[in-house]
Structures are given as structure tokens and as C-alpha cells.
Amino acid sequence: MNFYLEQIEKFDESIKSANDIAIFTHVSPDGDTLGSSLAIFKVIQEYYKKNVTVFISDKIPKVYDFLPYINCYKRTDDLQYENKIFDLAIAVDIATIERMGKGFSLFAKSKFKINIDHHKSNTNYGDINIINPKASSASEVILDILDDLKIELTKDIATFIYVGILTDTGGFRYDNTSQKVLQKAAKLLDYGLSHSELCQKCFMTKEKKSLLLTANAILNAKFLLCDKIVYTAITLNDMKKYNAKNEHTDRIVETLRQIETCDVALLFKENLNQITKVSLRSKIFDVSNFASKFGGGGHKFAAGLTIQKPINIAMDLVLGELSKAMKND
Ligand SMILES: [Mn+2]
């Protein structure tokens with residue numbers, strides 16, 4: 001039997017032999033970590049008929065309020081789980097344990113751990129690691145697993161997986177949009193989903209403060225290397241001014257990348273305690289490789305990193321290194 005099928009079989013067996021199962025999502029949750037976790041949550045409840053808890057370490061962006069069972073998430077800092085030891089822990093869409101946030105302590109002490117992901121930078125931190133870097137999303141990896149195990153989908157499960165694929169491919173626009181994933185997505189529509197309705201909900205509905213914060217960040221954009229580098233910053237003051245939350249900064253860096261001369265777009269975000277978070281998007285340059293120099297990671301055209309420095313120092317440091325790297329590229 002090949003290695004992949006062996007892992008799938010172990011996945012199936014470990015759920016069957018567990019009584020109490022926990023599912024973990026990444027910090028700053030997106031459509032893929034939510035979609036894949038809810039899909040596996042409903043499969044474990046309805047198909048395997050086991051006790052299962054699905055965890056979140058951050059606030060869920062309001063745009064996902066439409067998802068069925070979105071109120072099922074428990075917080076990883078909920079004291080009732082403080083001393084809980086799960087038989088089985090499943091992490092979805094989480095490349096490194098740091099991305100698990102406060103959920104990590106619960107995950108770490110679980111008796112058996114499964115890691116399901118599509119990031120090529122995944123560190124294989126599970127007892128079983130089902131990682132497919134060719135998949136568009138963790139949700140697509142889950143879809144393949146369910147297909148291999150011949151588990152029937154329901155409309156809800158199809159919706160979760162579709163939303164994960166849709167959001168991680170940017171509405172089937174990014175380079176992870178393979179022919180295969182389009183075929184799989186088309187089959188998911190057979191469960192009675194509406195592509196246009198889900199696009200409307202995931203991409204075309206925004207809170208007023210989100211759009212105003214985006215406008216402000218774009219107006220403050222600066223340019224380097226003949227406009228090949230485009231960057232902007234959001235300070236804690238900006239966040240306060242618009243009464244914005246993390247989720248409202250979501251697609252700003254992708255908007256900056258649209259500028260025709262731009263190869264790399266960066267968003268610097270000031271956090272508390274002199275921590276700066278940087279989101280990078282590119283058209284050609286490998287930002288995942290670049291981010292790894294600062295302990296970050298992600299995909300070739302979409303990556304992130306965190307620096308323990310005040311925002312102005314972090315900007316000088318990252319932009320200096322990036323200019324050098326791009327000149328040599
Ligand atoms: Mn993902």
C-alpha cells in the first residue's frame with residue numbers, strides 16, 4: 001500500500017478508536033481553516049458518531065457568520081478545557097505549531113495527533129501528517145480524504161469545503177486553481193450550492209469600517225524599486241480610528257498587489273508590545289522563501305512574518321532586505 005493510503009487508513013482507525021476528539025484551527029481564522037474544521041467536525045459527528053469539539057483561538061471574522069454551525073466553536077482559552085486531555089487532536093490548515101496560538105497546549109497534550117494541511121512549509125508536527133502541497137487548500141485535502149474513505153457528503157459539508165476552496169483560491173483566481181480543483185468544485189455544486197451566492201457572501205460583502213480602513217491604507221501606500229515594491233502600514237491608532245479588528249485588514253495587501261508595476265506588496269501592521277506583523281503578496285518573487293529569513297512562511301505568492309520590533313524599525317529592516325533580495329533576483 002502506498003504511504004498516502006496508509007495515512008488515510010490510520011486517520012480512519014484513529015477516529016474509530018477515539019472517544020473524545022478535538023479539532024484545531026489557526027490564529028486569524030480564514031475561510032479554509034473554518035471550512036475544513038467544520039467539514040471534519042460534521043463528519044466525525046454524523047458519520048463516526050463521536051464526541052467532538054471544534055476550537056478557535058481568535059475571533060471569527062463576521063463575514064463567515066452565514067456558515068452553518070459557526071456557533072459551535074469553543075475558545076481554546078475557555079477554562080472548562082484547561083485540564084482536558086483529548087484522545088485525538090486534529091489540526092487543519094496549520095503549517096507550524098506557532099500558528100495554533102493558545103490551542104497548542106491542548107493539542108500538545110492530546111494522546112494522538114493528526115496534522116492535515118496544504119502548506120509546503122508544514123513542519124510535520126503530527127503523529128500522522130496528511131500534507132498535500134499540490135492541493136489548493138486544507139479543505140481540498142479533506143475532500144480527497146472523504147472521497148478515499150467513500151464517505152458521503154451532505155449539503156453542509158459540501159458548503160464548508162467549497163468555502164475553503166473558494167477563499168483560498170481567491171475565487172478561483174490564484175495559481176493554486178488547478179484543473180482538478182475546478183472539477184472537484186463543480187461536483188460540490190451538485191449538492192445544491194450556489195457559486196454566485198457564496199462569492200457574494202465571501203468576497204462582496206464588507207463592513208463599512210473595513211472599506212474605510214482599506215481606503216486609508218491605500219492612500220498611505222509608498223513605493224520602492226521603480227514601483228516594484230508597494231507597501232503600506234496600519235498602526236494601532238488607525239485601528240482605533242476606524243474601530244477596526246484584525247479581520248478588517250484582510251485583503252488590503254492583495255488590493256495593493258493589483259498595481260500594474262507591483263511585484264511585491266507588503267502590509268505592516270503594528271501590534272501591541274512592539275510586535276509588527278507583515279503580510280506579503282507577490283506576482284513573481286518568492287515571498288515564502290523571503291519570509292523564512294525572518295522565521296515566517298506561507299506560499300510562493302502569499303506569505304507572512306512577525307518581527308519583535310516597533311513598526312518603523314521593522315519596516316526599515318524588511319524593506320532593506322527585500323530591496324537587496326529583489327535586486328539580486
Ligand atoms: Mn489554507
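**Labels and their rules**

Mentor: Along the chain, the donors of the manganese ion follow the spacing D-x60-D-x24-H-x49-D. The model is predicted, so local features need pLDDT of at least 70 and side-chain atom pairs pLDDT 80 or more, while totals for chains, interfaces and linings use all residues. Residues are numbered from 1 along each chain as its sequence is written, and side-chain values use heavy atoms, with hydrogens and water left out.

Trainee: What makes the manganese ion count as coordinated by Asp 32, Asp 93, His 118 and Asp 168?
Mentor: A donor is an N, O or S atom within 2.8 Å of the metal (3.2 Å for Na, K and Ca); water is not among the atoms, so a site may look incomplete. Here the OD atoms of Asp 32, Asp 93 and Asp 168 and the NE2 of His 118 lie at 2.2 to 2.3 Å, so they meet the rule for donors.

Trainee: Why is Asp 32 called buried?
Mentor: Buried means under 20% relative accessible area, exposed over 50%, and partly exposed in between (1.4 Å probe, protein chains only). Asp 32 has 0%, so the label is buried. His 118, at 3%, also counts as buried.

Trainee: Why are Phe 24 and Phe 55 called stacked?
Mentor: Rings of Phe, Tyr and Trp (its six-membered ring) pair if their centres lie within 6.5 Å; planes under 30 degrees apart are stacked, over 60 edge-to-face, and the rest tilted. Phe 24 and Phe 55 are 5.3 Å apart centre to centre, with 15 degrees between the planes, so the rule gives a stacked pair. Phe 24 is buried at 1%, and Phe 55 is buried at 0%.

Trainee: What makes the pair of Tyr 162 and Phe 172 edge-to-face?
Mentor: Their centres are 6.1 Å apart and the planes stand at 70 degrees, so the angle passes the limit for edge-to-face. Both Tyr 162 and Phe 172 are buried.

Trainee: How many aromatic pairs does the rule give?
Mentor: The count is ten. Ring pairs also link Phe 24, Phe 55, Tyr 81, Phe 86, Phe 107 and Tyr 125 into a cluster.
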